[in-house]
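These are my notebook entries on one structure. I set down what I looked up, entry by entry.

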Amino acid sequence: MTARILSALILLLSSPVARPLIERQPKPAPLAMTLDVDATDAPMKILHATMTMPAPAGAVALFYPKWIPGEHMPSGPIANLTGLHVFADSAEIPWRRDLVEMNAFRLTVPAGAKTLTAKYDYVVPYVGGAFGSLPSTNAKIAVINWYTVGLYPMGTSPAAISVTSSLKAPAGWKHGGSLDIASVDGTTIRYAPTSLEMLNDHPVLLGEHFRSITLWPAGSPVGEHVIDVVADSEWALQFPQSRIDIYKQIVLEERAVFGNVGHYRKYHWLLTLSDNLGAFGVEHHECADDRVAESTFVDDDSAKRSSLLLPHEFFHSWNGKARRPAGLVTGGYEQPMQDDLLWVYEGLTMYYGELLAARAGLISKEEWLDEVAADAMGVSAPGRTWRPLQDAADSAPFLYTAGGGWSGVRRQVSGLPSFYAEGTLIWLEADVTIRRLTNGRKSLDDFCALFFGQNDNGTVWVKPYDADEVYRTLNSVVAADWRKFFTDRLQSKTASIPLGGIEGGGYTFVYATASNMFTDPWALDGSVNAYGSLGIHVGADGTVDDAWPGRPAFAAGLGNGMKIVAVNGRRFSSDVLLRALEASKTSTTPMEFIVDNASYFTTVRIDYHGGLRYPHLERTPGNEDLLGAIASRRVTTGR
Ligand SMILES: [Zn+2]
């Protein structure tokens, strides 16, 4: 074999290929299993599951999913798998957990057994956890993520296992989701067989208070797009038609970015409106598990604060699910994921999630500018001088869940690793750069259409990519040294933040006294964001949950985990702190804090006189308003 043929073969083998996830003409899977989930005790916070499969001969291990797609870490909530009993036909057989791979249960199937059955429970936590392992059921709602109840034979690709599943809901509860339904029998929903990979990619909503809103029906030019909503109350479901109309526009604006090509057969947002089931989103090919506060869709302020969420998760159907970094295409839940390209997967999605909310009218252009300014403040945290942005991505498996203060030093912004917020700034700069180099003829949308909007419209597939393909595709939009553009920003360890997009777009990053609702988009809990002034974030009870070294508070001795008891002699409240900050501008004496540091009381004096300071963008006189052009609606028909 010549070197030329060999290199051609290597190129052929290494060039990414789209792997279909849902076949147009399904082939029989090598392994067929059934999974029956009884959710009737969801209000008691426990799910009961039965998994049945043909009995393999001899030694086998049953595996509980560990590395969870979309969560970017080994977050499968193994501690909540309880009540496990395994049977060969009707005889119970013993199991033992693997001492190294602790998500695996090893057992030996007696010769001649026909069926292996595992019965077990998923106990639902009422606090704690991350993403899918957060609280997921309450008195009125259950969000069923199949992987939380999903044992399967270890070593078998989830793509090669066909699962016939059923779900029994509490009496009177309704259901939503994009999983294909075979039949409904009373409160039991039987789903059409699909691969284990696709089953886990299709969570289901159950709830007493339920509404299904068809934004665009099947057969419409853009296909079926639905918001399925469960809520803690009927009140929370009574949101206005105007909000629904804006989400119809979101679909059009979002698809326009990809040249109106989607990689799903239908798309459902699974929206949970509850104050006790977390606030987050996890993406899937044909749906997203989106959870926000109960009032979010009836209250305008709350709706704006969460406006990026649904467009963000929808964007992931293309960026993250269909096109996926090679290190995240592992072939199963047993293999570690490599998160080095999350600055594309999450960073680009963060930029567009915020931007598309503005393009569709969920927020105004000015509110979008505030959101970008809040991102810029977040990434100015001191951790950027030791941890390059690339390492924030590489460290994602532990960075999402790191807590106990010090988030600014670790480079977390609003609880997320900084490649989200800094992704907004960097991809904005890429967008501005393309627009400037092409005199406005092209934009980052052209990159998205090329990179994500490839053929196979309306089918579900995954196709891995690497950084080189990102740079090559950008280069085909407009020639530039894109590798250097990104590696400079990914490897930087300077205090200065990447403002090229903001400044090139005609704006200046400033601090001003007017508040910015996006500095704490998720929080309506009375916490105080004083990063711009004192360099601290303070919980509603006065606890300093983050303090930035080098800023006034930390320099004066007010640090992580300390509790502010009083400000200028008055008992702490959020308002007392905010008024004291406001008064600092005209005061000649230091601000005085009485602080409880693990039962020891001290007085901390901060000689700060800068007043309230929140991030904003101001128009730079004489420069073109390119950010205004970027935020403009693209789709003017169809609504
Ligand atoms: Zn995301």
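What spacing do the donors of the zinc ion follow along the chain? I found the spacing H-x3-H-x29-E. Before going further, I noted that the model is predicted, that local features need pLDDT of at least 70 and side-chain atom pairs pLDDT 80 or more, while totals for chains, interfaces and linings use all residues. Residues are numbered from 1 along each chain as its sequence is written, and side-chain values use heavy atoms, with hydrogens and water left out.

**Entry: zinc site.** I looked up the protein donors and found His312 (NE2), His316 (NE2) and Glu346 (OE), lying 2.0 to 2.1 Å from the zinc ion. Donors are N, O and S atoms within 2.8 Å of the metal (3.2 Å for Na, K and Ca); water is not among the atoms, so sites may look incomplete. I placed His316 in the loop between helix 5 (309–315) and strand 23 (323–325), and Glu346 in the loop between helix 6 (342–345) and helix 7 (347–360), so the pair ties together parts that are 30 residues apart in sequence. Helices (H or I, at least four residues) and strands (E, at least two) are DSSP runs, numbered from the N terminus. I then checked accessibility: His316 is buried at 0% relative accessible area, and Glu346 is buried at 2%. Buried means under 20% relative accessible area, exposed over 50%, and partly exposed in between (1.4 Å probe, protein chains only).

**Entry: cysteines.** I searched for disulfides (pairs of cysteine sulfur atoms within 2.5 Å) and the count came to zero. I recorded Cys287 as buried, with a relative accessible area of 0%, and Cys448 as buried, with 0%.

**Entry: Thr117.** I located Thr117 in strand 9 (residues 115–123) and found it buried, at 11% relative accessible area. Leaving aside residues up to four places away in sequence, Thr117 touches Thr50, Met51, Thr52, His85, Val86 and Phe87. Contact here means heavy atoms within 4.5 Å.

**Entry: positive phi.** Which phi values did I note for Phe131 and Arg411? Phe131, a residue other than glycine, has a phi near 50 degrees; Arg411, also not a glycine, has a phi of about 70 degrees. Phe131 lies in the loop between strand 9 and strand 10 (141–144) and is buried, at 12%. Arg411 sits in the loop between helix 11 (407–410) and strand 24 (412–413), and I recorded Arg411 as buried, at 3% relative accessibility.
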